[in-house]
Amino acid sequence: MVVDIWTWEQTFQELIQEAKPWAKWTLKLDGNLQLDCLAQGWKQYQQRAFGWFRCSSCQRSWASAQVQILCHTSWEHWTSQGQVRMRFFGQRCQKCSWSQYEMPEFSSDSTMRILSNLVQHILKKYYGNGTRKSPEMPIILEVALEGSHDAANCEACTLGICGQGLKSYMTKPSKSPLSHLKTANSSPGIGAAYIPNQGKNQSAETKEAKGRGYEKLGPSRDPDPLNICVFVLLLVFIIVKCFTSE
C-alpha cells in the first residue's frame, strides 16, 4: 500500500480536533468495504480525488481525476468516539495484459482535500453542522489530462461504484442543434438519412403539370386524310361551278 496511513490518521486527527477538541476518532484502511453494505448504525460517504498510479509490471505511471474513495463512518454519542473505515479503488495499466489493480498515490494537497471533505461530512452528519453549508473542496488537476476516463481498467467502474464510468460512454451532443440539417442537404453517408429537397420536387411537378396543360390547348391528334380529300373535292367542285356559270 502506497498510502502512509499513519500520516493520514495524524492529519485526520488534527482536522477533527480543530473543530471538536473533545472528539475521539480513528481512521483505518479496509479493502473489503462494499458500497451500500453497512453495519447497523454506520453511514456511508463517497468522494473522488486526483491521484497517481504506477504499474508494478512495466513501471508506467499515469494520473487520474477519477480515483474513487469509499468511507463507512460510525459514532457513539455517549463516549464521543467515532470510527472511519476507508477504501481506495485501484486502476489497471492500459499497456500490460492481465495487469493487477494498482493502488493510488496522493500528493499532500490532494490528501488534505480528501481528509478535509471527510471531516466536513462527519461534522454535518454527527454534530449538527448541517446548517453551515460548506461545499466540498473541488478537485484540482495537478497535470493536464487527455482523453476520457478509462472505465475498462477502473476497479470502481467494474463494481458499479464509479458514476464517471457511465458518463464516459455517452455521446457528446452536437455543437449546434441544427447541424444535422446540414448533413441532410449534402450527399448521404453511411448511417445518414437522406432527405430530398421537397421545394425543388414541387417546382418540377408544377412545371410538368403546366406542360401537360399546354399540350391540351393544341391539336389533340393528326388531321384525317379522308377529310382532306373531301375538302379538296369540294373546292374543285366550287371552282368548276364558277367557270361553268360564266
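Let's start with Ile122. Leaving out residues up to four places away in sequence, Ile122 touches Phe12, Ile16, Trp25, Val84 and Tyr127. Contact here means heavy atoms within 4.5 Å.

Ground rules next. This is a predicted model: local features need pLDDT of at least 70, side-chain atom pairs count only at pLDDT 80 or more, and totals for chains, interfaces and linings use all residues. Numbering starts from 1 along each chain as its sequence is written, and side-chain values use heavy atoms, with hydrogens and water left out.

Back to Ile122. This residue sits in helix H2. Buried or exposed? Ile122 counts as buried, because its relative accessibility is 0%. The cut-offs: buried is under 20% relative accessible area, exposed is over 50%, and partly exposed is in between, with a 1.4 Å probe and protein chains only. Thr73 is 49 residues away from Ile122 along the chain, yet their C-alpha atoms are separated by 8.0 Å.

Now the overall layout. The chain has 7 helices and 4 strands. These are DSSP runs, numbered from the N terminus: helices are H or I with at least four residues, strands are E with at least two. From the N terminus, the order is α-β-β-β-β-α-α-α-α-α-α. Of the 246 residues in the chain, 30% are buried. Take contacts between residues at least 6 apart in sequence: 64% of them join residues at least 24 apart.

On to the helix pair. H1 covers residues 5–19 and H2 covers residues 108–126. Their axes come within 10 Å and cross at roughly 45°. Axes are lines fitted to C-alpha atoms, for helices over the stretch in contact, and angles run from 0 to 180 degrees between N-to-C directions. H1 and H2 are therefore oblique to each other. For reference, under 35 degrees is roughly parallel, over 145 roughly antiparallel, 65 to 115 roughly perpendicular, and the rest oblique.

Which residues meet? From H1, they include Trp8, Phe12 and Ile16; from H2, they include Met112, Leu115 and Ile122. The residues of this contact divide into 12 nonpolar, 3 polar and no charged. Nonpolar means Ala, Val, Leu, Ile, Met, Phe, Trp, Tyr, Cys and Pro; charged means Asp, Glu, Lys and Arg; the others, Gly among them, are polar.

Glu9 is also in H1. At a relative accessible area of 19%, Glu9 is buried. Beyond neighbours within four places in sequence, Glu9 is in contact with Thr26, Leu27 and Lys28.

Last, the loops. Asp36 lies between strand S1 (24–29) and strand S2 (43–54). Asp36 is not a glycine, but its phi is positive, about 65°. Asp36 counts as exposed, at 59% relative accessibility. Gln59, in the loop between S2 and strand S3 (61–76), also has a positive phi of about 65°. Gln59 is partly exposed at 44%.

Gln94 is in the loop between strand S4 (81–88) and H2. Gln94 touches Arg60, Asp150 and Asn153, again not counting residues up to four places away in sequence.
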